[in-house]
Amino acid sequence: MKPYKFEPYLKTTIWGGYQIAPFKGIFTAQPNIGESWEVSGVPGHESVAVERGLVDDVDVGMNLTQLIDKYKGLLVGQKVYKRFGNKFPLLVKFIDSRQDLSVQVHPDDKLAMERHGCQGKTEMWYVIKSDVGSKIYAGLAKSITPEDYEQLATAEPVNGQSPMQDVIATHEAHEGDLYFLPAGRLHAIGAGNFLAEIQETSDITYRVYDFGRKDAHGNPRELHIELAKEAIDYQVWPEYRTSYDSTKPTSQLINCPHFVVHRVVVQVAQQIDFHCDSFVVVMCLWGEANINGIHIRQGETILVPACENVLYIFGNATFLTATL
């Protein structure tokens, strides 16, 4: 089973920019592309397999849910299939923020299941490019109670600024920065950031503050202040940026119950075995290479089946890989 390529789902957003299409080397007249969903099992937006260079490839045109139903553990891993069935557990994206995104929070698995009957949303960001002065908002800068939060979130803005902005931890963004965002952590991507996001398959978001923006019809965007109250982690942490060893050709970035992510830098050739019963998602951040017989270049993403998940890489490129 060779790796799969999928048609990306390009999503126009109120805050989206213009970098995703050129980064991926594609032409489109679609405006304000904020997200490119690279590998998705979200109902209604399941990734669809495209041509891989195989003769009479019967899998072309099938969506990810159909492929999992067809190949089961061979595609995603026996343990993964036993746990998730035909639902692909990760959603993988590129994000381009021309404007600040809303301050938001996601419920954990327990709360999301109680309220919405689905997974929660733990995620991570890897900054690919950032403009000078760009910011990442993640976590609390000072301790507040749920009652404090409710007062701050509903308070009238002062000089156009919500009191909520004073309690969100603000970080200067730089290329290569890594942020792990467990469910419950308040966060927002600041204007001028281009990044990769790996998350649980969930589209449940509670919007807390949106800088007073209006939607396409001139109406204030919906907030979810009360829903977010119970979901927020009110603990203040000493550091919100995650460190890793960028000098190694293969560095583990995140290891949590929802995903394991590595950064891989290949200059000529490399063989990588993650020793896991799982698929491998490979996002190419720079350069180009051949992985298990499939060509991949900057801005492309492939899904390597679990039954063939030792990576044989030839080329000069930088990747993120995600497994379970």
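**Figure 1. The second largest pocket and its lining.** This pocket has a volume of about 330 Å³. Of its 17 lining residues, P43, K87, C118, Q119 and T201 are the closest to its centre. The lining divides into six nonpolar, seven polar and four charged residues. Nonpolar here covers Ala, Val, Leu, Ile, Met, Phe, Trp, Tyr, Cys and Pro; charged covers Asp, Glu, Lys and Arg; the others, Gly among them, are polar. A pocket is found on a 1 Å grid over the protein atoms alone, as an open set of points where a 1.4 Å probe fits, with protein on both sides within 12 Å along at least five of seven lines; lining residues have an atom within 4 Å of a point. Grid points are joined across faces, edges and corners, and the volume is the space filled by probe spheres set on the points. The model is predicted: local features need pLDDT of at least 70, side-chain atom pairs count only at pLDDT 80 or more, and totals for chains, interfaces and linings use all residues. Residues are numbered from 1 along each chain as its sequence is written, and side-chain values use heavy atoms, with hydrogens and water left out.

**Figure 2. The largest pocket.** Its volume is about 400 Å³. Lining it are 21 residues, and K11, W15, E35, Q104 and T205 are the closest to the centre. Five strands each supply at least two lining residues: β2 (9-17), β3 (33-39), β5 (90-97), β7 (123-130) and β11 (187-189). Strands (E, at least two residues) and helices (H or I, at least four) are DSSP runs, numbered from the N terminus. By class, the lining has seven nonpolar, five polar and nine charged residues.

Figure 3. R98 sits in the loop between β5 and β6 (103-105). Its relative accessible area is 38%, so R98 is partly exposed. The cut-offs are under 20% for buried, over 50% for exposed, and in between for partly exposed (1.4 Å probe, protein chains only). G17 is 81 residues away along the chain, yet the C-alpha atoms of R98 and G17 are separated by 4.7 Å. The side chain of R98 reaches the backbone oxygen of G16 at 2.8 Å. Leaving aside neighbours within four places in sequence, R98 is in contact (heavy atoms within 4.5 Å) with I14, W15, G16, G17, N32, A191 and G192.

**Figure 4. Two nonpolar cores.** A nonpolar core is a set of buried Ala, Val, Leu, Ile, Met, Phe, Trp, Tyr and Cys residues joined through side-chain atoms within 4.5 Å. The largest one holds 40 residues, of which F88, I198, V281 and L303 touch the most other members. Helix α2 (residues 64-71) gives the most to this core, with four residues. Beyond its neighbours within four places in sequence, F88 is in contact with V39, G41, L64, I68, V76, T201, F279, V281 and L303. A second, separate core has 36 residues, including L111, Y137, I144 and A231.

**Figure 5. S47 in a loop.** S47 lies between β3 and β4 (48-49). Its relative accessibility is 3%, so S47 counts as buried. The S47 side chain reaches the backbone nitrogen of S40 at 2.7 Å.

Figure 6. T122 is in the loop between α5 (109-116) and β7. T122 counts as buried because its relative accessibility is 4%. Its side chain reaches the backbone nitrogen of A183 at 3.1 Å. D57 is in the loop between β4 and α2. With 16% relative accessibility, D57 also counts as buried. A polar contact of 2.9 Å joins the side chains of D57 and R52. Such a contact is a pair of N or O atoms within 3.5 Å; within protein, one must be able to donate a hydrogen and the other to accept it, and residues adjacent in sequence count only if both atoms are side-chain atoms.

Figure 7. Most residues other than glycine have a negative phi. N32, not a glycine, has a positive phi of about 50°. N32 lies in the loop between α1 (20-24) and β3. Its relative accessible area is 30%, so N32 is partly exposed. H275 has a positive phi near 55°. H275 lies in the loop between β16 (269-272) and β17 (280-291). H275 is exposed because its relative accessible area is 68%.
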